[in-house]
Amino acid sequence: MPTITAFENSPDRGKGHARDMRVRWAFEEVGQPYDVRLLSFAAMKQPAHLALHPFGQIPTYEDGDLTLFESGAIVLHIAERQDGLLPKDANARARAIAWMFAALATVEPPIVELTMAMLFERDKGWYAERLPMLHDRVRVRLGELSRHISEADWLDGAFSAGDLMMVTVLRRLNTSGLLDEFPDIAAYVARGEARPAFRRAFEAQLAVFNAASRP
């Protein structure tokens with residue numbers, strides 16, 4: 001049974017933003033049981049974990065003699081091995097993988113830059129001046145994505161790993177107010193969050209946070 005690593009006490013306070021959420025959701029979509037090894041922040045920087053993830057982050061994936069890091073690579077590996085996350089048609093499959101890359105390489109960077117600023121830069125003198133620029137960078141990407149989604153339920157036909165990655169990226173904006181400006185994207189995220197596999201993954205991650213928070 002595959003084993004992944006996750007935060008022992010997630011900094012997102014149970015909101016489901018930590019990147020092991022993506023892997024948990026993928027496992028749930030394909031019906032694959034998995035184990036979780038929880039790590040403290042200190043343990044993530046120790047040699048044992050650095051041997052699995054050279055940047056000392058989570059998640060990692062171990063199955064037999066295979067070890068992977070980076071959530072996108074892990075989700076793609078799961079999707080390629082089991083049915084449920086990639087189309088059978090070769091062209092549709094390639095497009096789904098392209099959307100995975102788009103989520104991580106095009107949509108996520110300005111969102112992460114915004115959220116990091118909101119978390120760690122509020123006390124800086126230039127924060128108020130910089131924030132509108134960061135919001136606008138995200139709005140550009142949301143506008144482009146909105147034009148693509150239009151009336152569609154998912155990015156390219158049926159739900160795929162591309163949607164899984166995109167929804168987890170966009171969820172970081174849930175408390176920013178920006179999704180309210182793009183109702184079609186907000187509805188798209190809500191459709192992803194309503195999937196039973198997502199709910200199971202979210203509850204599993206939340207249970208870890210709740211257990212760590214008990215006195």
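Helices (H or I, at least four residues) and strands (E, at least two) are taken here as DSSP runs, numbered from the N terminus. The structure described is a predicted model, in which local features need pLDDT of at least 70 and side-chain atom pairs count only at pLDDT 80 or more, while totals for chains, interfaces and linings use all residues. Residues are numbered from 1 along each chain as its sequence is written, and side-chain values use heavy atoms, with hydrogens and water left out.

**Backbone features in loops**

S150 is placed in the loop between α6 (127-149) and α7 (161-170). Its phi is near 50 degrees, a positive value in a residue other than glycine. With a relative accessible area of 42%, S150 is partly exposed; on this scale buried means under 20% relative accessible area, exposed over 50%, and partly exposed in between (1.4 Å probe, protein chains only).

E70 also has a positive phi in a residue other than glycine, with a value near 80 degrees. E70 is found in the loop between β4 (66-69) and α4, and its relative accessible area of 37% makes this residue partly exposed.

The loop between α3 (47-50) and β3 (60-63) contains P59. The peptide bond that leads from I58 to P59 is cis, with omega near 5 degrees.

Helix α4 (residues 71-81) holds H77. H77 counts as buried, at 17% relative accessibility. Leaving aside residues up to four places away in sequence, H77 touches Y61, L66 and L68, where contact means heavy atoms within 4.5 Å.

**Aromatic rings**

A pair of aromatic rings is described by the distance of the centres and the angle of the planes. Rings of Phe, Tyr and Trp (its six-membered ring) pair if their centres lie within 6.5 Å; planes under 30 degrees apart count as stacked, over 60 as edge-to-face and the rest as tilted. By this rule the count comes to 9 aromatic pairs. W25 lies in helix α1 (residues 20-30) and F198 in helix α9 (residues 196-213), so the pair ties together parts that are 173 residues apart in sequence. Both W25 and F198 are buried.

W154 and F159 form an edge-to-face pair, with 5.0 Å between centres and 80 degrees between the planes. W154 is buried, and F159 is buried as well. One aromatic cluster is formed by W25, W154, F159, Y188, F198 and F202.

R191 lies over the face of W154, at 5.9 Å from the ring centre; a charge sits over a ring if NZ of Lys or CZ of Arg is within 6 Å of the ring centre and within 35 degrees of the ring normal. R195 lies over the face of F159, at 3.7 Å from the ring centre.

Rolling a probe the size of a water molecule over the atoms shows where empty space is left. On a 1 Å grid over the protein atoms alone, a cavity is a set of points where a 1.4 Å probe fits but cannot get out, and a pocket is an open set with protein on both sides within 12 Å along at least five of seven lines; lining residues have an atom within 4 Å of a point. Grid points are joined across faces, edges and corners, and a volume is the space filled by probe spheres set on the points.

A search of the whole structure finds 2 cavities of 30 Å³ or more. The elements giving two or more residues to the lining of the largest cavity are β1 (3-7), α1 and α9. Of these, α9 provides the largest share, 3 residues. Residues lining the largest cavity include A6, D12, R24 and F209, whereas the lining of the second largest cavity includes H17, M21, T168 and R171.

The table sets out volumes and lining classes. Ala, Val, Leu, Ile, Met, Phe, Trp, Tyr, Cys and Pro count as nonpolar, Asp, Glu, Lys and Arg as charged, and the others, Gly among them, as polar.

| Space | Volume | Lining residues by class |
|---|---|---|
| Largest cavity | about 70 Å³ | 5 nonpolar, 4 polar, 3 charged |
| Second largest cavity | about 30 Å³ | 2 nonpolar, 3 polar, 3 charged |
| Largest pocket | about 1000 Å³ | 14 nonpolar, 10 polar, 10 charged |

The largest pocket is lined by 34 residues, of which P11, H17, M116, L119 and R172 are the closest to its centre. At least two residues of this lining come from each of α2 (41-44), α4 and α5 (90-120). The most is given by α5, with 8 residues.
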